[in-house]
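Me: Could you take a close look at one part of this model for me, the aromatic cluster and what surrounds it? I'd like one connected walk-through.

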Amino acid sequence: VWEQILDNMKEQLAASAFKWLNPVKPLSLTDSELVLGAQNAMSKEWITSHYLTILEDAVADVLGTPHKIVMKVIEAEKPEEPEAPAAPVRRPAKGENPDQGTLFQEGNGASAPAETNDMHIMAAGDSSSLNPKYTFDTFVTGSSNRFAHAAAMAVAESPGKVYNPFFMYGGVGLGKTHLMHAIGNRVLQNHPEMRVLYVSSEQFTNEIIRSIQEGTAEKFRQKYRNIDVLLVDDVQFLSGKTSTQEEFFHTFNTLHDAQKQIILSSDRPPREVERLEDRLRSRFEWGLITDIQAPDLETRIAILKNKAQLDHFSVPNDVMVYIASRIDSNIRELEGALTRVVAYASLIKRPVTTDLVAEALKDVFPNNKTKEVTMEVIQEIVASYFKIKIDDLHAKKRTRSIAYPRQIAMYLCRELTDTSLPQIGNFFGGRDHTTVLHACDKINKEKESDKKLGSILTELIERIQKM
Ligand code: ADP
Ligand code: MG
């Protein structure tokens with residue numbers, strides 16, 4: 001049955017997406033529940049956040065009834081037995097520093113600079129490997145994240161030299177974790193010999209608590225103080241955790257004194273993290289603090305286009321604009337919506353249109369705004385924005401004060417509705433479709449270099465979508 005489900009999903013998913021699912025093993029199946037095993041927590045999380053809906057749909061398709069899907073992590077061979085060095089990377093001898101490009105991969109026990117008897121510390125968490133998909137190349141920039149992105153690049157190019165610590169904060173799903181992985185990936189690309197460790201704050205806390213309970217604090221210290229780039233995600237979760245903060249304070253000092261790079265993220269700036277020791281807070285403020293804001297509409301559209309390209313989805317422009325204008329605060333949700341729409345369309349074997357999106361995402365859109373954008377609305381808003389008459393858009397006039405808004409209006413009709421070039425031409429005073437094509441190309445080109453035009457378009461689209 002699992003084979004069938006996989007086949008079913010294979011049809012609708014790009015190869016890149018499918019490779020996440022292929023290694024998944026079915027564990028058990030009842031009338032109402034399917035338990036699946038992922039290889040590690042990273043892949044479990046990835047699948048849960050990206051493919052659960054598609055999985056559920058595929059399962060319902062194959063089995064005929066909806067099933068709850070439960071994801072578990074299959075326990076890898078844990079390097080617990082003293083003489084079982086299953087690690088693929090050479091493990092350094094006691095007291096020796098690892099000298100090879102060492103990405104500490106929690107969970108599979110690989111490449112940890114430690115003796116076998118404390119390998120459980122190294123295996124304490126299992127999601128700290130860098131996600132190769134989170135790179136600078138796949139990160140779309142816009143005014144909301146440009147500064148954070150530039151600073152992250154600078155840090156990645158000169159770890160320990162420019163901003164230390166580097167502290168990023170911003171709301172959920174805005175790209176903090178992505179940027180952290182991107183820094184780690186870039187550092188390893190430039191310096192394969194460097195030791196880069198990414199940990200979530202929970203994982204860091206768990207390791208500390210364990211090392212205290214089991215009396216292996218010294219090993220913990222060695223591990224954490226032997227790192228070139230330490231990335232700690234979501235430090236707001238250290239709030240109120242006194243012993244973790246205490247240990248982190250010392251780790252921080254050792255690394256910072258040795259000019260090793262520390263990178264932190266949080267959902268809020270250091271001064272707003274509650275129950276955080278003052279000495280830690282002040283250290284978090286030593287280096288550079290940048291925020292990431294919610295992306296504007298233009299950036300959201302760009303993110304969707306980027307994702308569609310990466311995942312080989314073919315989705316019309318108006319659909320992306322439609323989704324982007326309705327999901328405005330969380331990029332994970334934005335991307336999830338696109339994936340869901342594509343899966344939905346292929347399941348019910350219909351093309352991806354704005355109507356279909358409205359149907360597929362009816363639970364996602366807050367106020368169920370499904371009204372379609374019409375060319376009338378576009379003309380009305382463009383005309384009022386440029387303070388010209390709607391009739392001027394139809395007329396033969398070619399003065400720039402009229403022709404330019406007209407071209408913009410044509411471009412928007414092309415982007416926001418699914419009318420054809422001849423239909424648009426017709427609607428604009430019986431013009432030829434080549435005129436429309438010319439207008440669209442022109443605006444498309446100009447908006448790349450002309451910042452002002454870019455913001456005019458964003459403003460117009462926002463107004464149109466609000467109608
Ligand atoms: P955070 O850690 O801030 O909660 P994430 O880094 O986990 O957010 O981002 C959520 C999702 O959105 C990820 O899949 C990430 O790749 C994607 N994402 C966020 N920002 C961008 C961006 N600027 N360009 C492309 N993808 C992005
Ligand atoms: Mg995150």
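Reply: One aromatic cluster is formed by Phe-167, Phe-204, Phe-220, Tyr-224, Phe-248, Phe-252, Phe-284 and Trp-286. Bear in mind that this is a predicted model, where local features need pLDDT of at least 70, side-chain atom pairs count only at pLDDT 80 or more, and totals for chains, interfaces and linings use all residues. Residues are numbered from 1 along each chain as its sequence is written, and side-chain values use heavy atoms, leaving out hydrogens and water.

Searching the whole structure turns up eleven aromatic pairs (rings of Phe, Tyr and Trp, the last by its six-membered ring, with centres within 6.5 Å; planes under 30 degrees apart are stacked, over 60 edge-to-face, the rest tilted). Take Phe-252 and Phe-284: their ring centres are 6.3 Å apart and the planes sit at 50°, so this pair is tilted. Phe-252 belongs to helix 10 (residues 242-257) and Phe-284 to helix 11 (residues 278-284), so the pair ties together parts 32 residues apart in sequence. (Helices are DSSP runs of H or I, at least four residues, and strands are runs of E, at least two, numbered from the N terminus.) Both phenylalanines, Phe-252 and Phe-284, are buried, meaning under 20% relative accessible area with a 1.4 Å probe, protein chains only.

Phe-167 stands opposite Leu-264 in strand 8; strands 5 and 8 (residues 261-266) run parallel, joined by four bridges. Strand 5 also pairs with strand 9 (residues 288-292), again parallel, over five bridges (pairing takes at least two DSSP bridges).

Methods:
Chains are lettered from A and ligands numbered from 1 in the order in which they are written. Buried means under 20% relative accessible area, exposed over 50%, partly exposed in between (1.4 Å probe, protein chains only).
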